[in-house]
Amino acid sequence: MLNRLLNAATGWYVQRGLRAYHHYPANKTAVVFIDVQDAFIAPEPTLAASLAGLARLARSRQFLVVHAPMTVLSGASFPTPAHREIERSLSSQPEAPNISSAVGLSPSDVVLPKRSTLSIFGLPEVDALIESRGLEHLILAGPLGDLTLDSSLRDAVQRDLHVTVVSDCVAASSAAALELELRYTMPRYAHLVTELEHLERLSRP
């Protein structure tokens with residue numbers, strides 16, 4: 001009997017303590033589209049539809065929408081296989097580097113300078129944006145789940161930011177890599193890995 005009461009009390013305390021993790025104040029939340037560019041989105045129509053849904057949700061909740069595009073790495077002494085893979089995709093056609101029309105661009109969006117680092121935090125503008133806007137919650141999405149999104153997620157957590165990953169708005173280099181990221185890797189770092197439908201319920205005003 002005593003154990004049941006202790007378990008119930010502990011459960012209540014944990015639930016109360018974690019309630020803030022499932023709250024997304026509009027003025028402290030940003031949805032970050034990492035490398036949502038034609039090179040990576042065009043072959044993924046299902047992903048494109050999910051990303052479009054996330055963009056609509058973000059704007060309806062008045063979250064800041066941030067686009068973090070990648071550019072071709074040039075002049076690196078030791079390019080990694082990941083960088084070479086990205087370079088091939090971005091060089092495949094003239095439209096490849098463009099931000100995908102699936103998410104579109106709104107006048108209120110922030111478009112970061114194109115970067116050559118895997119993590120978006122390779123840009124000093126990211127830390128400056130977070131500080132100037134008072135951001136505490138980042139909702140991450142993008143097609144390179146096992147490359148740039150993974151790297152950005154880890155760096156965000158190192159900065160003591162609350163991070164959510166929208167699972168149906170993420171892709172990876174293979175089905176196995178995506179499963180590994182969403183089932184094992186990302187849940188160790190993100191506060192919440194969830195589907196778009198669930199995020200919509202959580203973020204209701």
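## Secondary structure

The protein chain of this predicted model contains eight helices and six strands. Helices (H or I, at least four residues) and strands (E, at least two) are DSSP runs, numbered from the N terminus. In sequence order the elements read α-β-α-α-β-α-β-α-β-α-β-α-β-α.

## Burial, surface and contacts

Of the 205 residues in the protein chain, 44% are buried, where buried means under 20% relative accessible area (1.4 Å probe, protein chains only).

A contact means heavy atoms within 4.5 Å. Among contacts between residues at least 6 apart in sequence, 80% link residues at least 24 apart.

Strand β2 spans residues 64–68, and five of its five residues are buried. In a regular strand the side chains alternate between the two faces of the sheet. In β2 both faces are covered, with Leu64, Val66 and Ala68 buried on one side and Val65 and His67 buried on the other.

Two strands pair if DSSP finds at least two bridges between them. Strand β1 (residues 29–34) pairs with β2 in the parallel sense over five bridges, and Val31 stands opposite Val65 in β2. Strand β3 (residues 110–111) also runs parallel to β2, joined by two bridges. Here His67 stands opposite Val111 in β3.

## Basis of the values

Residues are numbered from 1 along each chain as its sequence is written, and side-chain values use heavy atoms, leaving out hydrogens and water. In this predicted model, local features need pLDDT of at least 70 and side-chain atom pairs count only at pLDDT 80 or more, while totals for chains, interfaces and linings use all residues.

Key
Buried < 20%, exposed > 50% of the residue type's maximum accessible area, 1.4 Å probe, protein only.
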